[in-house]
Protein chains: 2
Amino acid sequence: MRISVIPTAQQAQGINFSGQTAVVIDVLRATTVITTALDNGAHEVIPMKTVEEAQSLYATCDNALRGGERNALKIEGFDLGNSPLEYKKKTVEGKTLILTTTNGTNAIHNVQGADEVVLACFRNAESVACSARNDVTVVCAGTEGRFSLDDGLCAGMLIELLKQQTEVEIDDFGLLLNRFYNESKNNLFGALSGCYHLKRLFALGFYDDIKFCLETNCVQTVPVFQAGRITAK
Amino acid sequence: MRISVIPTAQQAQGINFSGQTAVVIDVLRATTVITTALDNGAHEVIPMKTVEEAQSLYATCDNALRGGERNALKIEGFDLGNSPLEYKKKTVEGKTLILTTTNGTNAIHNVQGADEVVLACFRNAESVACSARNDVTVVCAGTEGRFSLDDGLCAGMLIELLKQQTEVEIDDFGLLLNRFYNESKNNLFGALSGCYHLKRLFALGFYDDIKFCLETNCVQTVPVFQAGRITAK
C-alpha cells in the first residue's frame, strides 16, 4: 500500500485521486463532528461549501438540521454549531444534517475521482485504518489555507495503524507525520501545544471540544462521502 | 519575528511575499550548488527555468558556464552537472554560471515580491540565520512537486538558529520541522534514511554529494537573488 499525505484542502484541488482511498481529516472539528453525528444515529450529513447553499438546501428538506461554523462560532439562524458535543443522539438521531464549515467541508468537496472518500479523526482512526483498501491519500484539511498540526498528528496515527496491518510505502510528508505521532502518542495534547488552531479554539473556550476531539479509537463509525452525501460505512 | 514554511515551490506561486525575507531551500542539490559556487568565487549565478532559456542566454554571455540537471543527471552539452563537488574554485572563479535544475531554480523564480530572497542549505544555514531581517518565509523546493524531507530538515535547523537569536512566532509546519530537526540533529543522515530524493540520488551513486550537502555551517556565503541574478551578499 502506498500512502501519501496532502497538507491542505487547497492542495487537493486538481489532483486525480483515481485508484485511491482518500481520507479527509479535519480533527478540529469537522470530521470529528461528522463521525460523532453518524455514530449517534444521524441519517446522513450533507456537506455544503457556503452558508447560502446550506440555507437553500434546508428549505427543501424535511427532518433536517443546519450545523457548522464561521470563525469557529455557530452561524446565525443555524440549529447547531461546530462542537461535536452538540451532536448528541437525542438531537441528531434519524436527522439529515446540513453542515458547512470553513475548512473541513471544503476539503471533502476538493477530493475528486477517488475510489472512496472516507473521513477520519482521532476517535475513529483505527476503524478507518481497518477499512482502507487500495493506496491511500490522506488530505489534511488545514486552517485558513495552511497546514494544521492537529490534522497532521492524526494522519501520523492513521499511518501507524496502516503500518501495523500491511506493508506500506510512505511519502516524505507521511514519514514526517508518522514520526511525529510516534514521538507524541502518549501526550497528544502536549504535542499540539503550539498548534495555531488549537490555541484559537482554546482561547474561545472550547476546551471540552478539544479534549473530546483528541480521544482516540472510541467509535467504530467510518463516514463515507458519496454523491454529495456522507453516511456511515 | 514571524516564521512560516511553505512545503513546495509550487505552493509559493501566487503568494505575496511583501515585507518578508524569503529563504529558498533545495538541499539536494541546487541551493548547495549555488552556495558552493559563490563561495568558490563564481561572479554570479543566473537561474533559468528551462534548458532552452539557459542555452539562449549562454549564447550571449562571455565567461560563462552552463550547469544543472534533468532527472538528476548532467544536461547534454552543458559544462557542469548538479554536483556541488564539480563547482571548485579553479572551475568557477570569476565565471557567470547559468544554472537550470528541476526544482530549485523554479522555486527561486516562484518567489515574487519579497523584500529579499536568500538561498539556504545546511552548509550556510547559520550565516543565513544571522543575516535574516523582517519576517521569514521559508520555501522548501520539494521534489517532483512534493514535499522533500531534506529541505524540511534544513528548514527546521534554520528555525532553530533563528530561535537562538530572536523571539519568534512559528507556524504549524515550522513547529513540526523544528521539532524534527531538534530530534535529528546528531544524525541528519539517519533522519533522512526514508527520504525519496536522498534514496534516488544514493541509487544513482551520488553518495559523496549527499555527504557534502549534509555538512552543516561550514561556509559563510549567503546567496541573494535580485533582478534575475544570484550573488553573494
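Colleague: Thanks! Is A:Arg229 buried, partly exposed or exposed?

Modeller: A quick note before we start: this is a predicted model, in which local features need pLDDT of at least 70, side-chain atom pairs count only at pLDDT 80 or more, and totals for chains, interfaces and linings use all residues. Residues are numbered from 1 along each chain as its sequence is written, chains are lettered from A and ligands numbered from 1 in the order written, and side-chain values use heavy atoms, without hydrogens and water. Buried means under 20% relative accessible area, exposed over 50%, and partly exposed in between (1.4 Å probe, protein chains only). Because its relative accessibility is 38%, A:Arg229 counts as partly exposed.

Colleague: Which residue forms a salt bridge with A:Arg229?

Modeller: A salt bridge is a side-chain nitrogen of Lys or Arg within 4 Å of a carboxyl oxygen of Asp or Glu. Here the closest N and O atoms are 2.7 Å apart. The partner, buried at 9% relative accessibility, is A:Glu44.

Colleague: How many residues apart are A:Glu44 and A:Arg229?

Modeller: Strands are DSSP runs (E, at least two residues), numbered from the N terminus. A:Glu44 sits in strand β3 and A:Arg229 in strand β11 of chain A, so the pair links distant parts of the chain. Their separation is 185 residues.

Colleague: Which residue of chain A meets B:Arg146 in a salt bridge?

Modeller: B:Arg146 is partly exposed at 36% relative accessibility, and the N to O distance is 2.6 Å. B:Arg146 lies in the loop between β8 and α7 of chain B, and its partner in the loop between β9 and α8 of chain A, so the pair joins two chains. That partner is A:Asp171.

Conventions:
Helices (H or I, at least four residues) and strands (E, at least two) are DSSP runs, numbered from the N terminus.
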